[in-house]
Amino acid sequence: MDIDTLNQIKNNATLLHDNQRIESALSCLVEKLTLDYANKNPIFLVVMNGGLIFAGQLLSRLKFPAQIDYCHATRYRGNTSGGEIGWKVEPHMDLAGRHVVILDDILDEGHTLKAIIEHCRSRKAQSVKTLVLIEKIHDRKASPGMRPDYCELETPDKYVFGYGMDYNHYWRNSDEIYIFNPERNDTE
Ligand SMILES: O=P(O)(O)OC[C@H]1O[C@H](OP(=O)(O)OP(=O)(O)O)[C@H](O)[C@@H]1O
Ligand code: HPA
């Protein structure tokens with residue numbers, strides 16, 4: 001995609017959460033995680049690539065000891081609708097007996113988190129919780145009623161990008177979250 005088109009995608013998008021809103025969501029999450037994990041020696045398992053920005057901004061604010069690992073499972077591959085989940089990198093650390101918090105950018109249909117939760121349980125984690133920046137509201141969840149354990153932001157059932165979430169592999173670097181407007185672009 002050329003640079004003009006990519007700039008147009010962002011100019012034609014609708015701002016959903018500005019940086020101030022995201023910062024206050026991060027502050028709430030820091031409070032909750034501190035209450036729940038300060039004495040638990042947790043592992044934050046970051047789901048690449050989408051969890052990268054959120055993890056960097058959030059985890060550096062935590063004032064208690066924690067370990068960070070990552071994994072990479074993908075099902076969108078730059079598209080705006082998901083396919084089969086594929087593991088690219090499994091968690092490296094020994095999860096047995098540990099409190100694991102899976103950190104990702106978005107819970108959309110939830111197939112990604114569901115697969116990672118099952119993986120952590122199969123490796124005998126003592127507890128497994130989910131922490132996402134944003135939750136998409138619709139009734140197509142991988143398990144009916146599936147919700148993240150920690151999350152402060154919501155989006156309607158639209159494709160969103162920014163703050164780790166990509167449009168066609170771009171714009172993860174935006175510090176705000178936007179709704180993609182397909183009708184204003186001739187890309188899809
Ligand atoms: O709830 P779901 O419907 O499963 O979708 C959420 C997942 O999709 C995105 O990852 P993607 O597959 O695009 O990989 P990426 O992070 O490498 O872009 C996002 O980062 C989540 O991990
Ligand atoms: O709305 C989305 N935006 C970016 N990545 C995603 N992965 C699942 N849903 C989305």
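Helices (H or I, at least four residues) and strands (E, at least two) are DSSP runs, numbered from the N terminus. The structure is a predicted model, in which local features need pLDDT of at least 70 and side-chain atom pairs count only at pLDDT 80 or more, while totals for chains, interfaces and linings use all residues. Residues are numbered from 1 along each chain as its sequence is written, and chains are lettered from A and ligands numbered from 1 in the order in which they are written.

UniProt lists residues 16-143 as "domain: Phosphoribosyltransferase" in an unreviewed entry; positions follow the numbering used here, feature names are shortened, and annotations may be inferred rather than shown by experiment. Over residues 16-143, helix makes up 30% of the chain and strand 30%, with the end C-alpha atoms 26 Å apart.

Six strands form an open sheet in the order S4-S3-S2-S5-S6-S7, with mixed pairing. Strand S4 (86-89) and strand S7 (153-155) are at the edges with a single partner strand each, so one side of each has no neighbour in the sheet. From one strand to the next the twist averages 35°. Axes are lines fitted to C-alpha atoms, for helices over the stretch in contact, and angles run from 0 to 180 degrees between N-to-C directions.

In S2, 5 of the 6 residues are buried (20 or more other C-beta atoms within 10 Å of the residue's own; exposed, 12 or fewer; partly exposed, in between; C-beta atoms placed from the backbone). Met-48 and Asn-49 are joined by a cis peptide bond with omega of about -5°, and Asn-49 lies in the loop between S2 and helix H3 (52-59).

Two asparagines have positive phi. Asn-41, with phi near 50°, is in the loop between helix H2 (19-37) and S2; it counts as exposed because it has 12 C-beta neighbours inside 10 Å. Asn-168, with phi of about 50°, is in the loop between strand S8 (160-161) and strand S9 (177-179), and its 16 C-beta neighbours inside 10 Å make it partly exposed. Most residues other than glycine have a negative phi, and most peptide bonds are trans.

Around ligand 1 there are 17 residues, of which Gly-50, Tyr-76, Asp-108, Glu-109 and Thr-112 come nearest; a residue is near a molecule if its C-beta atom, placed from the backbone, lies within 6 Å of it. S5 and H4 are the elements that give two or more residues to this shell, and S5 provides the largest share, 4 residues. The shell comprises 4 nonpolar, 7 polar and 6 charged residues. Here Ala, Val, Leu, Ile, Met, Phe, Trp, Tyr, Cys and Pro count as nonpolar, Asp, Glu, Lys and Arg as charged, and the others, Gly among them, as polar. The residues surrounding ligand 2 include Tyr-76, Ile-106, Asp-108 and Tyr-159. The ligand 2 shell divides into 6 nonpolar, no polar and 2 charged residues.

Key
Pairing = 2+ DSSP bridges.
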